[in-house]
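Take a walk through this structure, one piece at a time.

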2 protein chains.
Amino acid sequence: MTYAKTAAFTQEQQQLARVAKALAHPARVAIIQFLASKQTCISGDIAAELPLSRTTVSQHLQELKALDLIRGEIDGLTVCYCLNTELLKQVHQHFTAFFIEATTSPACGPADACGC
Amino acid sequence: MTYAKTAAFTQEQQQLARVAKALAHPARVAIIQFLASKQTCISGDIAAELPLSRTTVSQHLQELKALDLIRGEIDGLTVCYCLNTELLKQVHQHFTAFFIEATTSPACGPADACGC
DNA sequence: ATTTAATGTCGTATATTTGCGACATACTTC
DNA sequence: GAAGTATGTCGCAAATATACGACATTAAAT
């Protein structure tokens, strides 16, 4: 998207899609899990843990940072990345609301009009 | 992804990313919500509800169908699309597990090593 | 059989993503 | 201040995604 006819969708649809997109690459999922697993706020040697170049990892980090899902504080020579757990909780709720809406739908039971 | 160095990530990371990608476009979010809101399994005149051409909507439907998030049964002239609520529930659980892992992380309290 | 309606598929143009090397920046240490 | 280290940014190449018109397909209706 973002040359999607994005204006025609609701803010909520766009926001959900935006966050989903941030999670739409295994490297970014891995980065979030890695940050969650570390007590200390490990800097960009996240790259050492992933099968990607430092440049590419940095790019993924920027994408997550752009949505404020993670934050990076400069600490001297290294950068300390942290999860924004508050925002992640909100996102979780947003996703949950979406999935509940989708999974409690009465559509398409076996006795439905269309028979599927 | 899929020219990501995808083999190096875990199956779970890849699966989560794959589903996230399916939700990473407002049109696909809207399609799922639309299907959830209809009692009857409305066919591809979903396109009439969206600001996109029929071709484009059909493409998005195929993407969702490829992941089995929705199903389409041919019913004479029209196609009846339905949500796969069982799979959606599983996906919801998968996402929830991920978010809980991320949000219960003890990383980066104010008293942490890095101070952020 | 012919027409009409509902869908899917193909080809193509454009935008975005992904990945990385090379370079710039900033801070620490000597 | 020079050297070294940790990061970010730029620019490019290749892969994907997005969007749509034109055509093919299938089934209902006449």
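Start in chain B. Helix H2 (residues 26-37) of chain B packs against helix H4 (residues 54-66) of chain B at an angle of about 75 degrees, and their axes are 10 Å apart. H2(B) is therefore roughly perpendicular to H4(B). Angles under 35 degrees count as roughly parallel, over 145 as roughly antiparallel, 65 to 115 as roughly perpendicular, and the rest as oblique. Axes here are lines fitted to C-alpha atoms, for helices over the stretch in contact, and angles run from 0 to 180 degrees between N-to-C directions. Helices (H or I, at least four residues) and strands (E, at least two) are DSSP runs, numbered from the N terminus.

A word on the source. This is a predicted model, in which local features need pLDDT of at least 70, side-chain atom pairs count only at pLDDT 80 or more, and totals for chains, interfaces and linings use all residues. Residues are numbered from 1 along each chain as its sequence is written, while chains are lettered from A and ligands numbered from 1 in the order in which they are written.

Which residues of H2(B) and H4(B) meet? On the H2(B) side they are B:Ala27, B:Arg28 and B:Ile31; on the H4(B) side they are B:His60, B:Leu61, B:Glu63 and B:Leu64. By class, this contact of H2(B) with H4(B) holds 4 nonpolar, 1 polar and 2 charged residues. Ala, Val, Leu, Ile, Met, Phe, Trp, Tyr, Cys and Pro count as nonpolar, Asp, Glu, Lys and Arg as charged, and the others, Gly among them, as polar. Two residues are in contact if their C-beta atoms, placed from the backbone, lie within 7 Å.

Stay in H2 of chain B for B:Val29. B:Val29 counts as buried because it has 23 C-beta neighbours inside 10 Å. The cut-offs are these: a residue is buried if 20 or more other C-beta atoms lie within 10 Å of its own, exposed if 12 or fewer, and partly exposed in between, with C-beta atoms placed from the backbone. Leaving aside neighbours within four places in sequence, B:Val29 is in contact with A:Gln13, A:Leu16, A:Ala17 and B:Leu23.

Now take chain A as a whole. Chain A has 5 helices and 2 strands. Along the sequence they follow the pattern α-α-α-α-β-β-α. Of the 116 residues in chain A, 36% are buried. Among contacts in chain A with a separation of 6 or more, 47% join residues 24 or more positions apart. An unreviewed UniProt entry lists residues 8-103 of chain A as "domain: HTH arsR-type". UniProt positions are given in the numbering used here, feature names are shortened, and annotations may be inferred rather than shown by experiment. Over residues 8-103, chain A is 62% helix and 12% strand, and the end C-alpha atoms are 25 Å apart.

Next, the two chains together. The axes of helix H5 (residues 85-103) of chain A and helix H5 (residues 85-103) of chain B come within 10 Å and cross at roughly 170 degrees. H5(A) is therefore roughly antiparallel to H5(B). The contact residues of H5(A) include A:Leu88, A:His92, A:Phe95 and A:Phe99, and those of H5(B) include B:Leu88, B:His92, B:Phe95 and B:Phe99. The contact of H5(A) with H5(B) divides into 8 nonpolar, 8 polar and 2 charged residues.

H5 of chain A also holds A:Phe98. A:Phe98 is buried, with 22 other C-beta atoms within 10 Å. A:Phe98 and A:Gln13 are 85 residues apart in sequence, and 9.6 Å apart in space, C-alpha to C-alpha.

Turn to the strands of chain B. Strand E1 (residues 70-75) and strand E2 (residues 78-83) of chain B run antiparallel, joined by 6 bridges. Strands pair if DSSP finds at least two bridges between them. B:Gly72 stands opposite B:Tyr81 in E2(B), and B:Glu73 stands opposite B:Cys80. E1(B) and E2(B) form a hairpin with 2 residues between them, and B:Gly76 in the turn has a positive phi of about 70 degrees.

Most residues other than glycine have a negative phi. A:Asp68 has a positive phi, near 70 degrees. A:Asp68 sits in the loop between helix H4 (54-66) and strand E1 (70-75) of chain A. Is A:Asp68 buried or exposed? A:Asp68 is exposed, with 11 other C-beta atoms within 10 Å. In chain B, B:Asp68 lies in the loop between H4 and E1, and its phi is near 70 degrees, a positive value.
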